[in-house]
Amino acid sequence: MFVMTVDQRGSRRDVDRVDDVLHSPRPALVRPFERTAGDEIQAVADTADTVLDVALDLVDDGHWSIGIGVGPVEHPLPESTRAGRGPAFESAREAVESAKSAPARIAVRGVDADSAADADAVVALLAVLVARRTEQGRDAISALRRLGSQNAVAEALSITPQAVSQRLAVAGWHLERAARPVVARMLTTADRRADEATADRPSRKATP
């Protein structure tokens, strides 16, 4: 499982942006974002694709430190996200603290430290690519996702198809598309190894 703990950056000098996230449509989350304390929110996902989509959207928004915790959670999950417990929640707390000083304000932590570190590295690279885009690049990518073709984007933005292609290239759109499945696989591997590591731990026996 994947737990996201997300904290608003510079909240003391900014408006409260939590409600914007809480009321924005999101991919299917096991437990939706919920305010945990102050300007911090938390959600639970069960697939790497979902957590990556949500995390990169928040990176693109530019106002958040994003921690991704990978590992088991206690079942049954409570209805309230903030009432959840388990290693993934603990890792998400560690991750968000690390994210506050990370280059793209995102970090991954997990029960299996090695696989989580691998995922952390590739997630950070992809997040830096997204975070460094210009407004023109963001607009072009947003329009492409919505409209589906570069010709339609050119018409919507009143620019030439060649200009659209150039904006997408500068924004690293093709790199992102190629990298996303790879990053998702590494997150999935971290999740699987976290489950294996937890299963391999000897059970605690009561002392006589």
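I began with β4 and β5, which pair in the parallel sense over five bridges. For me, two strands pair if DSSP finds at least two bridges between them; helices (H or I, at least four residues) and strands (E, at least two) are DSSP runs, numbered from the N terminus. At this pairing I found Ile66 opposite Ile106 in β5. The chain goes from β4 through α3 to β5, and this β-α-β crossover is left-handed. I call a crossover right-handed if, with the strands pointing away from the viewer, the path from the first strand over the helix to the second runs clockwise.

A note on the source: this is a predicted model, where local features need pLDDT of at least 70 and side-chain atom pairs count only at pLDDT 80 or more, while totals for chains, interfaces and linings use all residues. Residues are numbered from 1 along each chain as its sequence is written, and side-chain values use heavy atoms, with hydrogens and water left out.

**The sheet**

Next I traced the whole sheet: it is open, with five strands in the order β2-β3-β1-β4-β5 and mixed pairing. β2 (31–37) and β5 (106–110) are the edge strands, each pairing on one side only. β1 and β4 are antiparallel, with seven bridges, and there Val3 stands opposite Gly69. β1 (residues 2–8) also runs antiparallel to β3 (residues 40–45), joined by six bridges; Phe2 has Ala45 as its bridge partner in β3. Helix α3 (residues 87–99) packs on the sheet and touches β1, β3, β4 (64–70) and β5, contact being heavy atoms within 4.5 Å.

**Burial**

How many residues of β4 are buried? I got seven of its seven, taking buried as under 20% relative accessible area, exposed as over 50% and partly exposed as in between (1.4 Å probe, protein chains only). Trp64, Ile66, Ile68 and Val70 lie on one side, with Ser65, Gly67 and Gly69 on the other.

**The cores**

The largest nonpolar core has 34 residues, and Ile66, Ile68 and Ile106 are among those with the most contacts inside it. Such a core is a set of buried Ala, Val, Leu, Ile, Met, Phe, Trp, Tyr and Cys residues joined through side-chain atoms within 4.5 Å. The largest share, eight residues, comes from α2. I then checked Ile106: leaving out residues up to four places away in sequence, its contacts include Ala55, Val59, Ile66 and Ile68.

Technical notes: Axes fitted to C-alpha atoms, helices over the stretch in contact; angles between N-to-C directions.
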